[in-house]
Amino acid sequence: MNSTHAENAAQFLADEPRANWHDETLWIVRQKRDKAAANIPEWERLRQQASAIKDEVLANLDVYLEQFEAAAIKNGATVFWAADAAEFNQIMLNIIRRHKAKNIVKSKSMLTEECGLNRFLQSQGVEVVDTDLGERIIQFRHEAPSHIVLPAIHLKRQEIGETFHEKLGTEAGNSDPTYLTRAARKHLREKFLAAEIAITGVNFAVAETGSVVVCTNEGNADMGVQSAPVQIHCMGLEKILPRQTDLGVFTRLLARNATGQAVTSYTSHYMQPKPEGAMYIVIVDNGRSARLANPKYIQSLKCIRCGGCMNTCPVYRRSGGHSYGYVIPGPIGSILAPHTHHYPDLPFASSLCGSCSNVCPVKIEIHEQLYHWRQDLMQHRQTSWLKRMAMKATGIALSGNRRYNTLGAVARWAVAHLPRKLLYLPVNTWGVGRELPQAPQQSFKAWYKTNNPSKKQTS
Amino acid sequence: MSKKTILQAIRRNKPQSTMQSAQEDNYRSPSWSQEECKSLFIKNLQLQGGEIGTLAELQTQPVDFTREDLRAEYANAPLEKLNRLESVLIEGNFGVAENGAIWLEDKDLPQRIIPFITQQLIIRLHPSAIVATMHDAYRKINLTGTGYGVFISGPSKTADIEQCLVYGAHGAVKLTVIL
């Protein structure tokens, strides 16, 4: 996508009732999260502990990864390492070819989205069926997920009803969620039973035991993994936890912070392949090890992909996930995206209100990283000319007492007297969708001079 | 294979802090009595869409996997046969009060897919086998030598269509727990 976040957001906002529904629905999810968190008296301690465990992981990542690999191999799994998306996709294709598989099912994995796995496999003549209901819907529609936990949150039931009518032959005009879910259940049950390979993402990988943990509400990860003889689990290398007991901390946080549930319906622990089955684990770097070197942004590697920062973000809720253009939308996506190449405007799609940092279960200071990114992008001249000039001019204006006073006076006069057309010239991008405040009669400085109570007493 | 390159990059780039290991698992669970654990478990299970029932109330006769002969019969059953399962009974290992989850693992299951592929899942759980929190649960689990284990806290569910809650996305449509 080449258009900017602001342009995409404007498109999203053009349909006001839908935008309002999106905003309100995600806010309800945020409120459920608050209720679930408030139910746990030690919630803040859990966040602290989760953050400390992730710090420990990042400082010893090589050690834990090797420990994990050794344990997984001992359990009977085969482990692959991929430096980037291309290598990951090739590894996946090789496994599929080795097993001569035609029927492949996949449960949710943001990593495979990040690496463009479906698209690559399709180009090689291999079809993958996404089995999470939301993902199946958007796969039918050739769309990208607009939220990492609620991939089809941008769609209304009527649209889904139409898609299912076309693809699954459901009744025209029937958009009852239960009816549509039953139709998907029947359709995907056939896919599960025929599956030769099941692909999953990974929520947590435990170094101590070599197990991978996957959390779902639908049970699609297990329906796939337990039907197909071959299971492949794909993980970003930051998914490691040192010990099994660490899962206690993270399983208490994840679902509560994501959807407000106490835990997902299924929390599955895969250790060994099935009798006569095969189990593969693919560990993917794709830019993660490079980020370790950057103390400003290393914290973003702690993310457990709960989506909490999206649900709370006033910009995300009112612009929709697709407006970001990057595979992971919202505040966390805006710090994970490879900015300097493709997404230089994302760190500016934020009010810096800090709500994302407040809800983050692993205490990533998301809004501070957004702020750092803005500075870095400005320095590397990745921002628009207009923004750079405006910043430079503001810097000059604010750096001298007399300049500041004069400009203040000019601005007060201008806002009060200039015609609207002149004030809202296209260079005033701030004024698009915003109204200038009424200009006060005097500056605060002038007001203080005449109204300062202490001065009055002494004089 | 890129293992070496990746590990080298990590060693080069990782923070060179002298950071201690994160505090060992020192969380002490609330001192809920067995009775309190049981009532919290029931409340949380119901919140997740699970039901509490008795064997007598069941409308269909489940395939009883607490019986060794039936476990053996289904150990090698093909998927088509498993796909016809209407209702199964499984002995649960232990429950978790704070979220209504129940732990099942390989030794409880003739095949791993059974709790998912059946239309209705019935789990029998001893009322004294309920721990307070997930911390206690993970201290209790021994995965060594086990190939697979799962916490189940309700029927399969989805809210992917306009956030409307629907039970029975892919797995069991109904979960009943017999205490």
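Me: A polar contact is a pair of N or O atoms within 3.5 Å (within protein, one able to donate a hydrogen and the other to accept it; sequence neighbours count only if both atoms are side-chain atoms). How many residue pairs are in polar contact between chain A and chain B?

Reply: The count is 42 residue pairs, both at pLDDT 80 or more. It's a predicted model, with local features needing pLDDT of at least 70, side-chain atom pairs 80 or more, while totals for chains, interfaces and linings use all residues. Residues run from 1 along each chain as written, chains are lettered from A and ligands numbered from 1 in written order, and side-chain values use heavy atoms, leaving out hydrogens and water.

Me: OK, and how many salt bridges cross the interface of chain A and chain B?

Reply: Eight, by the rule (Lys or Arg side-chain nitrogen within 4 Å of an Asp or Glu carboxyl oxygen). One pairs B:Lys3 with A:Glu69, whose closest N and O atoms are 2.6 Å apart.

Me: Which helix gives the largest share of chain A's side?

Reply: Helix α10 of chain A, residues 177-194, which supplies 10 residues touching chain B (helices are DSSP runs of H or I, at least four residues; strands are E, at least two).

Me: How much area gets buried between the two chains?

Reply: About 6,600 Å², and carbon and sulfur atoms give 56% of that (accessible area lost on being put together, 1.4 Å probe, summed over both). On the chain A side, A:Trp81, A:Arg185 and A:Tyr266 lose the most to chain B, together 10% of what that side buries.

Me: Switching to rings. How many aromatic pairs are there over all chains?

Reply: There are 14 (Phe, Tyr or six-membered Trp ring centres within 6.5 Å; planes under 30 degrees apart are stacked, over 60 edge-to-face, the rest tilted). Take A:Phe204 and A:Phe250: the centres are 5.7 Å apart and the planes at 50 degrees, so that pair is tilted. This pair links distant parts of chain A, with A:Phe204 in strand β5 (residues 204-206) and A:Phe250 in helix α12 (residues 246-258), 46 residues apart.

Me: Why does the A:Tyr316 and A:Tyr324 pair count as stacked?

Reply: Because their planes are at 25 degrees, with the centres 6.1 Å apart.

Me: What sits over the ring of B:Tyr74?

Reply: The charged end of B:Lys81, 4.5 Å from the ring centre.

Notes:
A charge sits over a ring if NZ of Lys or CZ of Arg is within 6 Å of the ring centre and within 35 degrees of the ring normal.
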